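Dear colleague,

I am handing over the structure we spoke of, with the sequence alongside. Please look it over before reading my notes below.

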Amino acid sequence: MVKFTKQFEGQLVPEWKEAFVDYWQLKKAVKKIHTLDNQNANSKKHKSSSFSSFIISSLRKHTFLDRKQREPRVIQVHRKLAGSASKTDMYETELLEQVADTDAAVEFFACLDLQLNKVNKFYRIKEKEFLERGESLLKQMEILTELKAAVKQQQQAKGPSSKEEESISGTISCDEESIKYTAAMEPGLENVSKEFDKDDMKSSESPKSGELGRSMRMKQGEGRLKSVSNCVINCQGKNLRINIPATNPTRTFSAITYLLWDDLVNQTSKKCGPERNKLHINKKKLHHAEKMIRGAFVELYKGLGYLKTYRNLNMLAFVKILKKFDKVTNKQALPIYLKVVESSFFNSSDKALKLADEVEELFVKHFAEEDKRKAMKYLRPTQRKESHAVTFFIGLFAGGFVALFVGYVIMAHITGMYRSKTDTVYMETVYPVLSIFGMLFLHLFLFGCNIFAWRKTRINYSFIFELCPTKELKYRDVFLICTSSMAAVVGVLFVHLSLVEKGYSYTQVQAIPGLLLLAFIIVLICPFNIIYKSSRYRLLSVIRNIVLSPLYKVLMLDFFMADQLCSQVPTLRNIEYIACYYITGSYKTQDYNYCTSTTYYKDLAYAVSFLPYYWRALQCARRWFDEGHKSHLLNLGKYVSAMLAAGAKVAYEKEKTVGWLCLVVIMSSAATVYQLYWDFVKDWGLLQFHSKNPWLRDELVLRHKFIYYFSLGLNLVLRLAWLQTVFHYNFEKVDYRVTMLFLAALEVVRRGQWNFYRLENEHLNNAGKFRAVKTVPLPFHEVDDQD
């Protein structure tokens, strides 16, 4: 049987952990009472009691003889208001009977009262927040149904033979009460509606909905389009705008198109006389608005589910701890205090429970075609069951990879491929392909280790990255991808090296590495629903967003992945070289010097070395533009310093002079100090001088502090890998390319370590704000006439 402590810790909402009952502190208080009771019992001299008194005391525990002595109450709980203007109830317990150790018991009940007051206060705040969201969401739903009804009416008026248009004219009536705009959108929370499939979720077109506790009667009025970039409706003297956030480059370009189209329609409507009072509804915008409202319903339902879990777990915690107290003290405090807990606000208020039922009914009606099973698929998504077959294949492919890699290393050692004086063609053409795959899948393997560590420490990485719970990669999936891919790569290169040793010319077998790289690219962009399609396409979309960084709001996953690219600069340069080698046809003539000797390739090498830092700098600039925090400008300076250091290294590789060497040392040293400060203080939140944990932070996820100190030192050492550029140290007679690959791998290892602490700090900061669900922006909001 699982202990309640582990059950409680495993089921609580991580972001609300501080708001839950501190069950561990209460257990310590009960244990303190028990310890003091034992000490007092051992210190006293027990007198021998008579047989009759022994019989009577024994019977009192099981009969009615002691009923009169049990009638006095052990405790009395006083209820009062926190203040004259506050509606929050505060509870204070008075101890009426003497317990084994009265001071410890008073301390226990003081702590218990504190926890009960904390739970009530938090529940009241969260319930109010979700009720306001529900009310705003109903108003949005009312507007949406009216718009859809107007579109449907217009289509029926045109007849079934008419062609569908992007913009449809119609009329709409709305109440001025129903255009209240919701709270401002939080950054990085716009993608929740992407989780729905267009074919599965078709909304019903009911013109009215009376759910969510407050009936909203729509007043008749005529809408008209105003000359603005977003669709603006005038209702009873109030302006209503359909606002679709430009969360990605596609919507940014679409917004420009909408601006031109709306202006054109507006000019046309002015010339049409009576037609100017008709509302022109852009169907694409209406579709996006429906998706946003649908996503908001899902997040609201999820939040209400968390609130229900909060309520049930806290109630169970109070019951368990009071039972422990009664068992230790042999008193009957549980029935008395439990009545107070049951009547307290967090357990007696049922508004959130009713709201959850109403949201469920509304979602089934409007977004699931009255199919409750289909609605529950999105409101309560089930986690994918982890198959034992995945674990089996991980072991199978891992064993195959190890065997093939050992065979490849032995054959390479026999042929002397990786020595300083060896077959130049192989090292210039085939080895870069192995380096590309080795670096990429090492990075992916470390990311799988990060996922495992995040899950063990209950860091909600799915919420931070805004991943779909039903489609996200688990650490076993990541390990399966890494082991199977590297087994295939090493196997192909083993066959290639065997063919070379058997006497086949490079002209005959040189296409094999290129075909291997092409095969992986085809798998990555494959449109069929195989080999983790959702994850592959999410990766491609993130890469697209990184490349087009200035055009949209930067999300957490976007700048996290851009940071990963900063550790893959050698891989990007190898990709550049391999692309040039195969696209120009140099593999047919074995002219591997062609790409490195041309001017445009050298210039492109500078660009490739700059690009990851350049993209990351643009993201910082965009975040500063959106949020206005100066810290983003300081972060931008870090990447500018890294760009200058990378440029100095590339220039030094071309012209190995003392002047360039001095510049490399100066620029790299400055960039290293800058990066170390940002790693330790900003990204990891460590090096807090006034912390209760010396040189760390107050709150730590890992129990052992020495791990943090070790990580600080390791990060410092790995940040100094650029010193190889100065000392040119090689391992005996190993080719310098192997040494450079080893140093690049160390940077990837450092990035894997950075990933864990970066998300740990993000998790702790978010937990302090008690944000457990996404705040989805709603499409309809009120604007002034001057807008």
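This is a predicted model: local features need pLDDT of at least 70, side-chain atom pairs count only at pLDDT 80 or more; totals for chains, interfaces and linings use all residues.

The largest nonpolar core holds 81 residues, and the members that touch the most others within it are Trp16, Phe108, Leu112, Phe297 and Tyr337. Helix H7, which spans residues 283-329, gives this core its largest share, namely 19 residues. Apart from this core lies another one, made up of 35 residues, including Leu473, Phe479, Leu557 and Trp615.

Once neighbours within four places in sequence are left aside, Tyr337 is in contact with Ile75, Val77, Thr93, Phe109, Leu112, Asp113, Leu116 and Leu322. The other entry point is Leu300, which is found in helix H7 and counts as buried because its relative accessibility is 2%, the cut-off for that class being under 20%. Not counting residues up to four places away in sequence, Leu300 touches Phe130, Arg133, Gly134, Leu137 and Val359. The C-alpha atom of Leu300 is also separated by 9.2 Å from that of Val776, although these two residues are 476 residues apart along the chain.

Turning to helix packing, the axes of helix H24 (residues 599-627) and helix H25 (residues 630-654) come within 8 Å and cross at roughly 175°. H24 is therefore roughly antiparallel to H25, since angles over 145 degrees are placed in that class.

How many disulfides does the count come to? The count comes to one disulfide, and it is formed by Cys580 and Cys595, whose sulfur atoms are 2.0 Å apart. The link of Cys580 and Cys595 is left-handed, with -100° about the S-S bond. The pair links distant parts of the chain, with Cys580 in helix H21 (residues 569-583) and Cys595 in helix H23 (residues 593-597), 15 residues apart. Cys580 counts as buried at 10% relative accessibility, and Cys595 is buried as well, with a relative accessible area of 0%.

Cys620 counts as buried, at 2% relative accessibility, whereas Cys662 is partly exposed, with a relative accessible area of 40%.

Glu370 has a positive phi of about 65° although it is not a glycine, and Glu370 lies in the loop between helix H10 (351-367) and helix H11 (372-379). With a relative accessible area of 56%, Glu370 is exposed. Trp695, again a residue other than glycine, has a positive phi near 65° and lies in the loop between helix H26 (658-683) and helix H27 (706-719). At 48% relative accessibility, Trp695 counts as partly exposed.

With kind regards

Conventions: Residues are numbered from 1 along each chain as its sequence is written. Side-chain values use heavy atoms; hydrogens and water are left out. A nonpolar core is a set of buried Ala, Val, Leu, Ile, Met, Phe, Trp, Tyr and Cys residues joined through side-chain atoms within 4.5 Å. Buried means under 20% relative accessible area, exposed over 50%, partly exposed in between (1.4 Å probe, protein chains only). Helices (H or I, at least four residues) and strands (E, at least two) are DSSP runs, numbered from the N terminus. Contact means heavy atoms within 4.5 Å. Axes are lines fitted to C-alpha atoms, for helices over the stretch in contact, and angles run from 0 to 180 degrees between N-to-C directions. Angles under 35 degrees count as roughly parallel, over 145 as roughly antiparallel, 65 to 115 as roughly perpendicular and the rest as oblique. A disulfide is a pair of cysteine sulfur atoms within 2.5 Å.
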